[in-house]
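Hi there,

Here is the structure I promised to pass on to you. Have a look at it first, and then read on for what turned up in it.

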Amino acid sequence: MTIDLTRRTLLQLAGASSLAMAAAAAARAEGTPQGGGPTYASRTPMRVGMVTLRVKNLDTVADYYRDVIGLTVMERSATGAKLGTAGITLLVLEARPEAAIESRSAAGLYHTAFLMPTRKDLARWLVHAASHRVKLSGFADHLVSESVYLDDPEGNGIEVYADRDPSQWQWSEGSVKMATDELNIPDLLSLTNTRVPDYAKAPDGLRIGHMHLRVGDLAQAQSFYHGTIGLDPTRSRNGAAFLSSGRYHHHLGMNVWQSQGAGQRDDTATGLAWFSLVMAKQELLAAQEERLRKGGAKVTALADGVEAIDPWGTRVRLIKV
């Protein structure tokens, strides 16, 4: 039996009357954004830009993010490295060979969340991780997204995830419905060839979708990141709070699961040094700077923005690109 692979036949097989309809159906199947989707996190007034970590063993950690996540090493020296994709820096590593490893009960980084452009990209990455026997720490379906968790060689948490289309997110009275359900791995892997890994590097559209922090007190953290920084609450549950810009499900997560009562961070230890929140409009950056100063935050001027410090010593840079 032969199949006539004409344009009409292919459109019939796709259940579409036009190539545009077929492309839209393919986009939905792969989780490509339709007026939002996986890149929704980067279309909001504020978004996460990049993360800087202090590390003991620069080569080991840099190689991990290159080989496991697929980031490109853009610069590397004895004192640090810059990694990213498509010419955009996402991760900076500062070499601190004498530093102590930051305790997980201290305030600081819970995880950095790398957002895949599509669900298929997440599937491709998962096959890559499995084929290289990368140690993973968990899987979850959060309703708004699907996630895989792991840790880098120095214990810095990582989430690799793909968003569901925002049309599927359920909001009620300003709160988005999220859960930690079992991830349907067979369904995810059905999007790619599990026998032939084809994830040679991170896709050009990979970005840091959100940051998740350990904090010492939720109310104090919300006062700073909502009241002073200006992110909006999207959900609160069981010792954790989530905030975002522009009705994304969350650009920032915060929890006290291990760190309740934590004091000032030791800035000579490893871990998160700073992360950036990026704004596309100069007037928004100016408004944010005024908000910070009125809120009593300690503000330091930068060439491209300002830097503030949260109650536990984590630095947050607000910049324009």
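Accessible areas here come from the Shrake-Rupley method with a 1.4 Å probe. On that basis, the protein chain exposes about 14900 Å², and carbon and sulfur atoms supply 50% of this area. Please keep in mind that this is a predicted model.

Now for the overall build. The chain has 321 residues, of which 50% count as buried. Its secondary structure comes to seven helices and 18 strands. Among contacts with a separation of 6 or more, 69% are made by residues 24 or more positions apart.

Next, the largest pocket, which has a volume of about 460 Å³. It is lined by 26 residues, and Tyr 110, His 111, Tyr 149, His 212 and Trp 257 are the closest to its centre. Strands β5, β7, β8, β11 and β12 each supply at least two residues of the lining. Sorted by class, the lining has nine nonpolar, 11 polar and six charged residues.

Finally, the aromatic rings: there are seven aromatic pairs. In one of them, the ring centres of Tyr 65 and Phe 114 are 6.3 Å apart and the planes are at 55°, so this pair is tilted. It links distant parts of the chain, with Tyr 65 in helix α3 and Phe 114 in strand β5, 49 residues apart. Both Tyr 65 and Phe 114 are buried. Phe 224 and Tyr 225 form an edge-to-face pair, with 4.8 Å between centres and 90° between planes. Phe 224 and Tyr 225 are buried too. Tyr 40, Trp 169 and Tyr 248 make up one aromatic cluster.

Enjoy exploring!

Key:
Residues numbered from 1 in each chain as written. Predicted model: local features only at pLDDT ≥ 70, side-chain atom pairs only at ≥ 80, totals over all residues. Heavy atoms only, no water. 1 Å grid on protein atoms, 1.4 Å probe; cavity = no way out; pocket = protein on both sides within 12 Å on 5 of 7 lines; lining within 4 Å. Points joined across faces, edges and corners; volume = space filled by probe spheres on them. Helix = DSSP H or I, 4+ residues; strand = E, 2+ residues; numbered from the N terminus. Nonpolar A, V, L, I, M, F, W, Y, C, P; charged D, E, K, R; others polar. Buried < 20%, exposed > 50% of the residue type's maximum accessible area, 1.4 Å probe, protein only. Contact = heavy atoms within 4.5 Å. Phe/Tyr/Trp six-rings, centres within 6.5 Å; stacked < 30°, edge-to-face > 60°.
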